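The following note was prepared for a colleague who asked for a reading of the fold and its packing. Please consider the points in order, with the structure at hand.

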Amino acid sequence: MTPSSGPGSMIHGVLPNSLAPPNPIPQLRPPRPLRTKNRDKSNTFEGHTWAHRPPPEDVYERLEEFFPEHDLDKPSIENSRGTSPTSVEQTYGNIVDRDKALIQAQKSIRTVAEQHNKRIDHVSRGNPSSDTMVLRKKNTKLWGPRIQAVDTPLQTKANLDSRAGGPGRIFKWVRGELIAKGTYGRVYLALNATTGEMFAVKQVETPIATSTSDRKDNRQMESVQAFKTEIEMLKYLDHPHIVQYLGFEETKTFLSIFLEYVPGGSIGRRLRDHGKFDEEVTKLFTRQILEGLEYLHSKNIIHRDLKADNILLESTGICKISDFGISKRTDDLSGTASHVMQGTVFWMAPEAIHPQNKGYNAKIDIWSVGCVVLEMWSGKRPWCDDEAVTVMFKVYQNKQPPPISSDVVLSYLAKDFKDRCFAIDPEERASTVELKQHPYLELPEGWVFNGFK
């Protein structure tokens, strides 16, 4: 068996001499792509048809399109500290007055969402310079409350890992349409049915939810373990260029990670839709990626799967590194952090492709940064003309960096920046701090990001 040639070709574990990767990750239940009126039907690099992450205002205006399996107008969300996320009939039996009082005390999902949207709009109009994403991020922090899914197959409760010392109010939520596929699991649009705030939920099925044969499959267990690793990586991180972790839920059927909702999709998706970026945009995004990566490295975390598809992008031009399923925390960031091959082949450094002998450290992320910059320069993934096995040979055996597309003309500074990322010897490869100070990243005076044309 040979690795897939697509950019989603994930390699895990020790690479045998034959270069054959382990068995592929088992498929979850088939998802339904987001149903939008203008959904792009073309395939992405991974061969899926994930829709863009829509802006919040579009979701609030067309809730029925993004949450089609829910009765959005049914009074089901209690205003106070009630515990039932479902119907009103089960609480007070035949006592009519109490039934009426309960109905009056409840709101529908649509009402809660509309009220939150109005609050966001009011704050934005009152302070045009305010960053509404920052406001949403602060308000959506889920430390403490208990979780309860509303009108979904996940009719269970669980406690969030709490910095506050224990469970508090119930957090009720509804899952919407599919918006992305991560390294492990799938990402869905979700709504806090208690407050109306929007977020993303990344889910993987637990082994007990699958067939008997799947339960014995080590890859299924690896998927769950990767989720738990991601939780441990994200729960104590707080940086504007790292996707914000909000909480988690574990049930008999799903493990869910609640994340900040970043509308606009990934840099990879934007490149596939609109082609390569202007050089100023590339510089802007590269600096932000380096800032996020510098923060991760300061926390002794190696990302190990940095690529354009794992960098989410706000319409305002803010980048956020995501997908920490195979990231690693280490006590020796500059030494030998790992001897295990992890990552996506086309973005991998030489020492990461065959790490059994010398291992690798945080410098593998710098090689990946160079690959992401190549993506933004050319609009194509690195090694776009080669399959995974060929790339392994060229990078590890021949010590070759990814080639530059013939239609990309680099300045002296751009070439030097690239070469600092692709130094074959990791000791000679630049650090995040050094790259942030590179003169290539200087933007023209007065230049501002005005979106994509």
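The numbered points below go from the overall architecture to helix packing, the cores and individual residues.

1. Overall architecture. The model under review is predicted. The protein contains 15 helices and 15 strands. Of its 453 residues, 53% count as buried. Among contacts in the protein with a sequence separation of 6 or more, 69% are between residues 24 or more positions apart.

2. Geometry of H10 and H12. Two packed helices are described by the angle between their axes and the distance between the axes. For helix H10 (residues 279-298) and helix H12 (residues 363-378), the axes come within 11 Å and cross at roughly 160°. Because angles over 145 degrees count as roughly antiparallel, H10 is described as roughly antiparallel to H12. The crossing of H10 and H12 is right-handed.

3. Residues between H10 and H12. On the H10 side, the contact is formed by Thr 282, Phe 285, Thr 286, Ile 289, Leu 290, Leu 293 and His 297. Their counterparts in H12 are Asp 365, Ile 366, Val 369, Val 372, Val 373, Met 376 and Trp 377. By class, this contact of H10 with H12 consists of ten nonpolar, three polar and one charged residues.

4. Packing of H12 against H14. The axes of H12 and H14 come within 8 Å and cross at roughly 145°. From H12, the residues Ile 366, Trp 367, Gly 370, Val 373, Leu 374 and Trp 377 take part, and they meet Ala 414, Phe 417, Lys 418, Arg 420 and Cys 421 in H14. The contact of H12 with H14 divides into eight nonpolar, one polar and two charged residues. Ile 366, Val 373 and Trp 377 of H12 are listed in the contact with H10 and also in the contact with H14.

5. In soluble globular proteins, nonpolar side chains tend to be buried together. The largest nonpolar core here has 73 residues, of which Ile 267, Phe 285, Phe 324 and Met 376 touch the most other members. The element that gives the most to this core is H12, with ten residues. A second, separate core has 18 residues, including Val 59, Tyr 60, Ile 109 and Ala 193.

6. What surrounds Ile 267? Neighbours within four places in sequence aside, Ile 267 is in contact with Phe 277, Phe 285, Ile 289, Ala 308, Ile 311, Leu 313, Cys 319 and Met 376. Of these, Phe 285 and Ile 289 belong to the H10 side of the contact with H12, and Met 376 to the H12 side.

7. Ile 364 in H12. Ile 364 is placed in helix H12. This residue counts as buried because its relative accessibility is 4%, under the 20% cut-off. Leaving aside neighbours within four places in sequence, Ile 364 contacts Ile 302, Arg 304, Ala 349, Glu 351, Ala 352 and Arg 429. The C-alpha atoms of Ile 364 and Asp 305 are separated by 9.3 Å, although the two residues are 59 residues apart along the chain.

8. Gly 176 lies in strand E6 (residues 170-181) and, at 9% relative accessibility, counts as buried. Not counting residues up to four places away in sequence, Gly 176 touches Phe 66, Phe 67, Tyr 188, Leu 189 and Ala 190. From Gly 176 to Val 187, eleven residues apart in sequence, the C-alpha to C-alpha distance is 9.8 Å. Arg 186 is in strand E7 (residues 186-192). Is Arg 186 buried or exposed? With 5% relative accessibility, Arg 186 counts as buried. Its C-alpha atom is separated by 5.5 Å from that of Gln 203, 17 residues apart along the chain.

9. Backbone angles to inspect. Most residues other than glycine have a negative phi, and most peptide bonds are trans. Asp 323 has a positive phi, near 60°, in the loop between strand E13 (319-321) and strand E14 (328-329). Lys 399 likewise has a positive phi, near 55°, in the loop between helix H13 (388-397) and helix H14 (412-421). As to accessibility, Asp 323 counts as buried at 7%, whereas Lys 399 is partly exposed, with a relative accessible area of 38%.

How values were computed: Residues are numbered from 1 along each chain as its sequence is written. This is a predicted model: local features need pLDDT of at least 70, side-chain atom pairs count only at pLDDT 80 or more; totals for chains, interfaces and linings use all residues. Side-chain values use heavy atoms; hydrogens and water are left out. Axes are lines fitted to C-alpha atoms, for helices over the stretch in contact, and angles run from 0 to 180 degrees between N-to-C directions. Helices (H or I, at least four residues) and strands (E, at least two) are DSSP runs, numbered from the N terminus. Angles under 35 degrees count as roughly parallel, over 145 as roughly antiparallel, 65 to 115 as roughly perpendicular and the rest as oblique. A crossing is left-handed if the near helix is turned anticlockwise from the far one by less than a right angle, and right-handed if clockwise. Contact means heavy atoms within 4.5 Å. Ala, Val, Leu, Ile, Met, Phe, Trp, Tyr, Cys and Pro count as nonpolar, Asp, Glu, Lys and Arg as charged, and the others, Gly among them, as polar. A nonpolar core is a set of buried Ala, Val, Leu, Ile, Met, Phe, Trp, Tyr and Cys residues joined through side-chain atoms within 4.5 Å. Buried means under 20% relative accessible area, exposed over 50%, partly exposed in between (1.4 Å probe, protein chains only).
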